[in-house]
Every structure is written in structure tokens, then in C-alpha cells.
Amino acid sequence: MNPKVIIIGAGFGGLEAATKLAKEPVDILLIDKNNFHTFTPLIYQVATCALDPSEVAYPVRGIFRRNRNVSFLLGTVTAIDTDSQTITVEHSDGQRSEHYDALIVAGGSVYNFFGMEDVARHSYVLDELSDAVRLRNHILRLFEKAVWEEDSAERAALTTMVVVGGGPTGIETAGAIYELYNHVLSHEFSQRKLRARVVLVEMQDHLLAPYPHSLQHAALTQLRSLGVEVILGNGLDGVSADSVTLSDGTEIPTHTLIWSAGVKASPLAEMLGVELARAGRVPIDAQTKVLGLENVYAVGDMTYLEDPEGNPYPMLIPVAQQQAEVAAHNIMAAINGTATKQFRYKDRGIMATIGRKRAVAWLYNRVTLKGRLAWLAWLGLHLVTLLGFRNRLNVLVNWTWNYFTYDRSARLLLEQQQRIAKQ
Ligand SMILES: Cc1cc2nc3c(=O)[nH]c(=O)nc-3n(C[C@H](O)[C@H](O)[C@H](O)COP(=O)(O)OP(=O)(O)OC[C@H]3O[C@@H](n4cnc5c(N)ncnc54)[C@H](O)[C@@H]3O)c2cc1C
């Protein structure tokens with residue numbers, strides 16, 4: 001019998017670990033609450049009708065169809081017992097326990113509302129693919145409503161979108177919503193002259209915290225030139241179903257708050273029973289082992305490990321993937337009694353797009369790119385790293401089509417159709 005490795009999470013970390021271990025004499029059980037892997041960098045494009053959900057996700061079973069030693073279980077892990085080395089999974093047929101010889105926990109992160117219940121209740125987030133579809137339906141429904149709305153103030157509220165958080169997800173979403181309005185909806189809803197307003201609110205006095213100053217400034221200029229209203233140095237004070245209030249008392253009538261101002265570790269972290277670090281992250285050592293536990297490794301967004309300067313590694317795809325590679329190596333090293341590996345982050349840079357021909361990139365912590373060049377670099381990188389040839393081809397065709405026609409094909413309100421059909 002081969003040793004059994006359980007991997008929780010088929011995101012970037014979990015998938016990388018499973019791919020590496022699939023070549024080894026171990027039996028792998030990969031568990032995820034979704035039956036697909038999501039390419040998170042592009043889900044904002046699903047929310048803004050540029051791409052279809054199936055183009056940014058890939059079925060997990062399809063990825064490992066040729067690996068006989070990889071099994072997949074669709075379910076949610078609800079408990080981890082590190083003494084008996086078992087986990088509990090809730091799935092469609094009930095609950096089951098699974099024993100492991102080695103465990104990799106790669107549950108990612110969830111949005112952090114910092115205890116603000118009104119924000120949790122009234123906001124939209126972009127964490128999972130289903131969030132993107134929900135936001136897309138919401139925006140399209142509001143525009144359909146606005147075109148028939150007689151009251152001009154309410155009409156304006158329906159087409160006002162507030163994005164909170166000036167990180168990459170916030171600026172990409174704000175830019176893409178404005179372009180959806182500017183290039184598509186404003187032409188199609190022309191009977192009523194709808195005027196969309198996209199407001200981006202950031203508490204600090206600059207956008208994109210980890211970027212150099214010149215790129216923070218470039219991002220701000222590009223967003224404003226697009227038409228997005230950027231409010232800096234002002235936080236969110238409260239939100240209701242029809243308005244957002246900022247710290248300085250400004251009230252913005254709106255039905256749409258998109259929250260992208262903070263994340264914390266997946267609740268899976270609490271199931272490990274160890275003392276957690278900032279943002280509920282699980283402390284790991286450079287071998288990616290959870291501090292204080294045997295045979296348990298953790299990788300990606302939910303982990304806490306400091307770089308040589310004493311800063312925690314960022315919640316990014318390359319970090320998750322490189323940590324997963326180390327975890328897979330070290331599990332085999334423990335089984336075979338060979339040398340272990342230490343995690344050393346190879347940082348190739350960060351980039352964020354703001355809209356058509358607008359982006360910023362900071363490559364290898366040295367080279368700064370902005371505007372068209374950064375945008376082309378962003379397009380190329382995301383196309384190459386997207387999982388599945390069919391998805392890459394579809395996305396390329398869709399982007400080319402959108403670029404030349406200014407159209408967005410993925411904007412069907414399916415949810416509403418289904419409800420009407422059932423009545
Ligand atoms: C909108 C958005 C855009 C982003 N853009 C970028 C970008 O451009 N570049 C970049 O480097 N990073 C980006 N990120 C961050 C990137 O997605 C994460 O750093 C990366 O996904 C971390 O990988 P992970 O394996 O730790 O977690 P994930 O990839 O999030 O995977 C976690 C998996 O665990 C599963 N899971 C969680 N809890 C359970 C449970 N209890 N039971 C079963 N399964 C569970 C989830 O379904 C998920 O599949 C973005 C994130 C978001 C949300």
C-alpha cells in the first residue's frame with residue numbers, strides 16, 4: 001500500500017502539489033468544495049461580461065484523468081483531527097472521515113469584513129466564480145431596472161457602483177465596470193440616457209500599496225482618464241441597501257458596493273488547532289510544515305511565513321505554487337528519508353490592468369511598465385498561465401472580438417430567465 005496524501009483545496013497551491021505528487025508512489029486524495037479550479041485573476045472579467053464562467057475555470061477530474069493515483073472528492077472539509085490523522089468531509093451523500101499519512105492544507109483566503117456586519121450583508125465580493133456571476137447578474141438587472149425608472153435620483157443610484165479597496169482587484173474591477181458601461185451598456189440603453197458612475201474608494205492616500213510610487217501614480221492617472229472617480233484617504237463608514245457612507249460623512253446613493261479591501265485565511269486554518277498569526281494565517285516553517293504539527297503541511301494564502309526582511313509573503317499565485325512544490329518535495333523526502341527543501345521565493349513581479357491599453361507592471365522588483373506595454377504584458381502572461389488549451393483559445397478569441405467590436409457577449413441574465421420559467 002502506498003502512503004496516502006490528502007490535499008485540501010484544488011486552487012493554485014493544491015493543484016500544484018497534486019501535480020507534483022501524481023508522479024510519485026503515493027495515493028492522493030484531492031478534496032475541494034467545487035468540482036473545478038478557478039483562475040482567479042480573470043474572474044472580474046466574468047463579473048463585467050467580458051468572459052464566460054467556463055472560460056476561467058477547469059474541471060478538476062479533467063486535469064487528473066490520466067493519473068490513476070489521484071482521486072477527487074467533491075465536498076467541504078469541516079474538521080481536521082491531527083492526533084488521529086483524520087479529516088471530516090461533508091459531501092452530497094452525507095459525511096465521511098478520511099485518514100492521511102501526510103496532509104497538505106491549501107484552503108486559500110476569504111474576504112475579511114473586519115466585523116462590519118452591514119458590509120457583509122450588503123456588499124458584493126469577487127472571491128469565487130459564483131460571486132462573479134452574482135455580481136454580473138446584479139449589474140445587468142440594475143441597468144434593466146434603471147431604464148424604466150422615472151425618478152432621476154433613483155435612476156442615478158441604480159447606475160452608480162462603488163468599489164472599496166485600491167488593490168489590484170479593486171482597480172481592475174472598477175476599470176472593467178466603467179468600460180462595460182462606456183463601450184456597451186451606454187449604447188444599448190440609449191433610450192433613457194443612463195449615466196453610469198463608478199467610484200473607487202481607498203483608505204490610504206495611494207492605490208496599489210506594494211507598487212513603487214511612480215506606478216501608483218500611473219494607476220491613478222489611468223483610472224481617472226478612463227472616467228472612474230477615485231477617492232483617496234477616505235474609508236467606508238457604513239452601508240445600507242441604497243447608500244454608502246464614507247468616513248468623512250459623504251453619502252453616495254447606490255445599490256452596489258463591491259468590497260475588495262481585505263482578506264483573511266480560510267476558516268480551515270482554525271481547524272488545525274494551532275496558534276494563528278495575523279489575519280488568521282497558519283504559521284509554517286520554510287519546509288512548509290505547520291509549526292507544532294507532524295505530517296501536516298500548509299501552503300498559499302492561508303499560511304504565514306516571513307521573508308528575509310521580516311515581511312509576510314504576499315497572498316499571490318506564485319507564492320502558493322512555489323510553496324506547494326516545496327511541500328510535495330518534503331513529503332516525499334520524509335517518506336524516502338532524503339534531503340528536504342526550503343522555500344525561497346522567486347519573485348518575478350506583479351502587475352494589474354486598469355482597462356483597454358491601461359495597466360501597470362513591476363517586473364523582478366526592478367523594471368516598471370505602464371500603459372500599453374504593461375497591458376500587452378498582462379494579456380500575454382494571463383493567456384499563457386490560464387489552464388487548458390480550449391480556455392486559452394476561447395479567451396483569446398473573446399478578447400480579440402471585444403477589442404475590435406467593443407462588444408461583450410457574456411451578458412445573459414440566466415438566473416432571471418429560470419425564475420420566470422418556473423412561475
Ligand atoms: C479576484 C482575485 C484576483 C486575483 N488576482 C491575482 C493575480 O492577478 N495574481 C496573483 O498572483 N494572485 C491573484 N489573486 C490571489 C490568488 O488567487 C491567490 O493568491 C491564490 O489563489 C492562492 O492559492 P491557494 O491555493 O492558497 O488558494 P486558492 O487558489 O484560493 O484555493 C483554495 C481552494 O480551497 C478550496 N476550499 C477552501 N475551503 C475549503 C473547504 N473547507 N473544503 C474544501 N475545499 C475548500 C476552495 O474551493 C479553493 O478551490 C487574486 C485573487 C482574487 C480573489
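**Close-up views of a predicted model**

**View 1. Thr88 lies in strand E7, which spans residues 86-91.** The model is a predicted one, in which local features require a pLDDT of at least 70 and side-chain atom pairs count only at pLDDT 80 or more, whereas totals for chains, interfaces and linings use all residues. Residues are numbered from 1 along each chain as its sequence is written. Strands (E, at least two residues) and helices (H or I, at least four) are DSSP runs numbered from the N terminus. Thr88 counts as partly exposed because 16 C-beta neighbours lie inside 10 Å; a residue is buried with 20 or more other C-beta atoms within 10 Å of its own, exposed with 12 or fewer, and partly exposed in between, the C-beta atoms being placed from the backbone. Neighbours within four places in sequence set aside, Thr88 is in contact with Val77, Thr78, Ala79, Gln95 and Ser97, contact requiring backbone-placed C-beta atoms within 7 Å of each other. Between Thr88 and Gly75, 13 residues apart in sequence, the C-alpha to C-alpha distance is 9.6 Å.

**View 2. The protein is divided into domain 1 (4-33 + 75-111 + 263-336) and domain 2 (117-261 + 349-417).** These bounds come from an automatic or database domain assignment. The centres of domain 1 and domain 2, taken over C-alpha atoms, are separated by 32 Å. Both domains give residues to the shell around the ligand, so the ligand lies between them.

**View 3. The shell around the ligand includes residues of H1, strand E2 (27-32), helix H2 (43-47), strand E6 (76-81), helix H7 (168-188) and H9, with at least two from each.** There are 32 residues around the ligand, and those that come nearest are Gly9, Gly11, Gly13, Gly108 and Gly300; a residue is near a molecule if its backbone-placed C-beta atom lies within 6 Å of it. H1 supplies the largest share of the shell, three residues. By class, the shell holds 16 nonpolar, twelve polar and four charged residues. Here Ala, Val, Leu, Ile, Met, Phe, Trp, Tyr, Cys and Pro are nonpolar, Asp, Glu, Lys and Arg are charged, and the others, Gly among them, are polar.

**View 4. Helix H1 (residues 12-21) and helix H9 (residues 317-336) cross at roughly 35°, and their axes come within 8 Å.** The axes are lines fitted to C-alpha atoms over the stretch in contact, with angles from 0 to 180 degrees between N-to-C directions. The crossing of H1 and H9 is right-handed, that is, the near helix is turned clockwise from the far one by less than a right angle. On the H1 side, Phe12, Gly13, Glu16, Ala17, Lys20 and Leu21 take part; they meet Ile317, Ala320, Gln321, Gln323, Ala324, Glu325, Ala327, Ala328 and Ile331 of H9. Nine nonpolar, three polar and three charged residues make up this contact of H1 with H9.

**View 5. Leu208 occupies the loop between strand E13 (197-202) and helix H8 (213-226).** Leu208 is buried because 23 other C-beta atoms lie within 10 Å. Its phi is near 45°, a positive value in a residue other than glycine. Gln216, found in helix H8, is in contact with His206, Leu207, Leu208 and Tyr211, leaving aside its neighbours within four places in sequence. Gln216 counts as partly exposed, with 19 C-beta neighbours inside 10 Å. Gln216 and Val360 are 144 residues apart along the chain, and their C-alpha atoms are separated by 8.4 Å.

**View 6. Val230 lies in strand E14 (residues 229-232).** With 19 other C-beta atoms within 10 Å, Val230 is partly exposed. Beyond its neighbours within four places in sequence, Val230 is in contact with Leu200, Leu220, Leu223 and Arg224. The C-alpha atoms of Val230 and Glu202 are 7.8 Å apart in space, and the two residues are 28 residues apart in sequence.

**View 7. Thr288 belongs to the loop between strand E20 (282-283) and strand E21 (296-298).** Although Thr288 is not a glycine, it has a positive phi of about 70°. Most residues other than glycine have a negative phi. Thr288 counts as buried because it has 30 C-beta neighbours inside 10 Å.

Notes
Two residues are in contact if their C-beta atoms, placed from the backbone, lie within 7 Å.
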